[in-house]
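Here is a brisk report on one chain. It moves from a single residue pair to the sheet, then to a helix pair, the annotated regions and the whole chain.

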Amino acid sequence: MEPTPLVLAGARGHGRRHLENIRRLTAQGLVRLAGVCELSPLTAEELGDGLGTPEQSTDLADLITRSGARIAIVCTPIHTHADLALAAAGRGAHLLLEKPPAPSYAEFTRMAEGLRERGTACQIGFQSLGSHALTAIGKLVSEGAIGQVTGIGAAGAWARDEAYYTRAPWAGHRRLDGRDVIDGVLTNPLAHAVATALRIDGADRAEDIASIEPELFRANDIEADDTSCVRIRTTRATTVTVAATLCAERPGEPYVLVHGDRGRITFWYKQDRVLVERPGHEPEATDHPRTDLLENLVAHLRDGTELLVPPPSAGAFMRVVEAIRTAPDPVRLPADAWRTEPGVGAAPSAKRRVVPGIDRLVAAGAERLALYSELRAPWAAPPAEVPHP
């Protein structure tokens, strides 16, 4: 078959990863970069080798029409996702849409309904949901390898420099110019932890959520949250708790922890690595392959292969986004609850804010399925439960 023509909207920042993946798939003859949509054209150096000379424009819809693209990758600011997705669909393109798909449940619903009416295939960019480890974990659970599942925890202790929040006008905002953005730790950088935990429970659709308890905090001088946790109760009677921070003392790989009454499973989702621990057995570690979401979308368009992350399977995650959006604004941590350290970036002047003890609290949240307030974090107030509408 001829390579599938596509356009990339948002080729800088995180979009560079998409550009490299397109380069890989171009070399395999699967896709062809027909256009790039950016506020200013990519230079030859930014574009690099192996991608030809794609058309460039600031108008995504017009670019799709002129280039004949069948796929549009949308990797733009969160609050632009829905409008750009619908504009692309209106010109006949199918979609790979970066996470989070929208900043509110209403925007997500508007977009999903519009795509369905147009018959547009859409893949939501939760790359961890392409991991074959999820099938292996499901098999282990169904076979009773760890007994009855008693809950699912997830932990993410990352670090981001203060410059992370000045890289773009929308970064670190809950709202911008009257529009929702909701660029918090659980809804954007560590959104995979939430989505992956829900997928493991088999509770990834909107109707699978019973209640949500968020606790939102910020050490950085931002509007959104950088140190937060959320406890979700699903209609399967499972408790799913996710604890995360961008102010870690010692940043590490995020993971999901499946608790059973006869063992547990740890899944490092960025590494596709699974560890099974059971009393009376040696720990068993396995590594798994991953299906690339763009490859899966191309296969779907060519031969009907089932999409791995269609919009309905992001519904539960979007309920969490909505609970965070409607929660009280994040609590600013007192000055004695954080310190400044040299940043993790290349710039000698880079600085970052660190919350002492947060690594332990994040791990304990996943281990005990507890919120920061229940773990007696000195800066955390008791939570307020958000019922499922």
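## From one pair to the whole chain

Leu8 stands opposite Val36 in strand 2. The model is predicted.

Start with the strands around that pair. Strand 1 covers residues 4–9 and strand 2 covers residues 31–37. The two pair in the parallel sense, over six bridges.

Both belong to a wider arrangement. Six strands make up an open sheet, and its order is 3-2-1-4-5-6. The pairing is parallel. Which strands stand at the edges? They are strand 3 (55–57) and strand 6 (122–124). Each has a single partner strand, so one side of each lacks a neighbour in the sheet. On average, neighbouring strands of this sheet are turned by 20° against each other, with direction ignored.

Next, a helix pair. Two packed helices are described by the angle between their axes and the distance between the axes. Helix 4 spans residues 81–90, and helix 5 spans residues 105–118. Their axes come within 9 Å and cross at roughly 5°. Angles under 35 degrees count as roughly parallel, so helix 4 is roughly parallel to helix 5.

Which residues make the contact? Helix 4 supplies His81, Ala82, Asp83, Ala85, Leu86, Ala89 and Gly90. Helix 5 supplies Glu107, Arg110, Met111, Gly114, Leu115 and Arg118. By class, this contact of helix 4 with helix 5 has six nonpolar, three polar and four charged residues.

Now the annotated regions. The record gives residues 8–126 as "domain: Gfo/Idh/MocA-like oxidoreductase N-terminal". The computed values for each stretch are set out below.

| Region | Helix | Strand | Distance between end C-alpha atoms |
|---|---|---|---|
| Residues 8–126 | 41% helix | 19% strand | 17 Å |
| Residues 137–265 | 13% helix | 36% strand | 8 Å |

Finally, the chain as a whole. How many helices and strands does the chain have? There are 10 helices and 20 strands. The C-alpha atoms fill a box of roughly 60 × 50 × 40 Å, taken along the principal axes. The chain has 389 residues, for which a compact globule would have a radius of gyration near 21 Å. The chain has 21 Å, which agrees.

Methods
Residues are numbered from 1 along each chain as its sequence is written. This is a predicted model: local features need pLDDT of at least 70, side-chain atom pairs count only at pLDDT 80 or more; totals for chains, interfaces and linings use all residues. Side-chain values use heavy atoms; hydrogens and water are left out. UniProt positions are given in the numbering used here, feature names are shortened, and annotations may be inferred rather than shown by experiment. Helices (H or I, at least four residues) and strands (E, at least two) are DSSP runs, numbered from the N terminus. Axes are lines fitted to C-alpha atoms, for helices over the stretch in contact, and angles run from 0 to 180 degrees between N-to-C directions. Angles under 35 degrees count as roughly parallel, over 145 as roughly antiparallel, 65 to 115 as roughly perpendicular and the rest as oblique. Contact means heavy atoms within 4.5 Å. Ala, Val, Leu, Ile, Met, Phe, Trp, Tyr, Cys and Pro count as nonpolar, Asp, Glu, Lys and Arg as charged, and the others, Gly among them, as polar. Two strands pair if DSSP finds at least two bridges between them. The radius of gyration is taken over C-alpha atoms; the globule rule is 2.2 Å times the number of residues to the power 0.38.
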